[in-house]
Amino acid sequence: MKKMITAHVISIGDEILFGQTLDTNSHFLAVEFAKISIELIQISAVQDKKKRIRNEILSSPADIIITTGGLGPTRDDKTKYVLSQITGKALELNDQALKWTQDYFENTVKRPMNKLNRNQALVPIGTIPLHNKMGTAPGLWTEFGKKILICLPGVPHEMKFLMKNEILPRLIERFDPIFIFHEFVQTYNIAESELAEILTQFEKNLPDHLSLAYLPHGKRIRLRITGHGDDSQRLKNEIQEQIEILISLIPAMNFLSRGTLSLTELTATALKEKNLEIATAESFTAGKIAEELTTESGSSVYFKAGIVAYSPEMKEKLLQVPQSLIQEKGVASAEVALAMAHGARNICHSDIGISSTGVAGPNPDSFGTPPGVAFIAIVSDEKEKVYSFHFPELERIPFTKKCTDLAIQKLYDFLR
């Protein structure tokens, strides 16, 4: 049986550990490795310290180690110096790398390069420089022992260019990895523990080269079957057979979909299939529900309009919410939420109206409603629903995001 090829991504930079920069590079690399059936077994983040970087590389069990970051012109960029220590090879000015850097400054930056930029062409003897057409620091490809060490810049667009144009072609040519395939089934409105109990025997009966994973997100659970094998078509057929068995075991009312469509995508599909139009009326979510509903291509088929009425006065003027109702019940109330949804539906002549009203905080509103209170209302000709939520532990931005996601979930429930 073919050997599984493994990889380890090491993100270098204090800014990642300080929380100042989001490590999107690791996510990109994980996706790219999955495409060529190389198993990513570890993602690490380390400080800009030579000892930390060196220890992380030397302790890695992976066949392929990729570092991102630490290849710039400043003194805190230490990756190539660590590479020199590990390989025992001195740094030398690489003529090819120097020419690439000179050309980049001449043709792109349009100014002379300084001594620090010249130092970016320093490469350990025996290391292969990789042409970075998006920046000044070349990528580095080194083989030591039975491992491959690849050093890439941390700037995302530079890293992506090198990965796609220099690294992946070399890895595909070099290795003949075993095949890895994933298939997904999504469930809805069922607890993970309950689902696990239903699928206990199914998991026990899976062959050793197949595995089942539970990936919960809100009211959804994404079930992933992963398989490893030498024969691509045989593996795909096996996984499809198990997917069919899996679906047959899930209660029909809890089966959501095959594949990985998001709840927004499924909601958009439902609106299109039912030939329904929708309008939104939002207060504290400030247009985020409308934004979510219009992320899908072709959303103009089902989305009529969105109204953001933040103040009580605008709720009266734009959505025809009675002033007396606001004074009696307060802005953050089930009654006002329903009036807003009806107002959006009537004004926009849509089949469905959905609204949000609440208090994102950090202080109570003028009616004394505490932070974390929210109401989502959905109305149509046939029915109306209003949902209340209370998340006092959430700060303003995560609270708004949480309630936007819940609005889409409740809309999907409404359509089902």
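Reader: Where is Met4 found relative to strand E1?

Author: Met4 is in the segment before strand E1 (6–12). Strands are DSSP runs of at least two residues, helices (H or I) of at least four, numbered from the N terminus. This is a predicted model: local features need pLDDT of at least 70, side-chain atom pairs count only at pLDDT 80 or more, and totals for chains, interfaces and linings use all residues. Residues are numbered from 1 along each chain as its sequence is written, and side-chain values use heavy atoms, without hydrogens and water.

Reader: Is Met4 buried or exposed?

Author: Buried means under 20% relative accessible area, exposed over 50%, partly exposed in between (1.4 Å probe, protein chains only). Met4 has 18% relative accessibility, so Met4 counts as buried. Leaving out residues up to four places away in sequence, Met4 touches Glu39, Asp63, Ile178, Ile180 and His228 (contact: heavy atoms within 4.5 Å).

Reader: How many residues has the largest nonpolar core?

Author: In soluble globular proteins, nonpolar side chains tend to be buried together. A nonpolar core joins buried Ala, Val, Leu, Ile, Met, Phe, Trp, Tyr and Cys residues through side-chain atoms within 4.5 Å. Here the largest has 27 residues, and Ile278, Ile354 and Leu411 have the most contacts inside it. Helix H16 gives the most to this core, with 8 residues.

Reader: Which residues of H3 meet H4?

Author: Two packed helices are described by the angle between their axes and the distance between the axes. In H3, Lys50, Ile53, Arg54, Ile57 and Leu58 meet Tyr81, Val82, Gln85 and Ile86 of H4.
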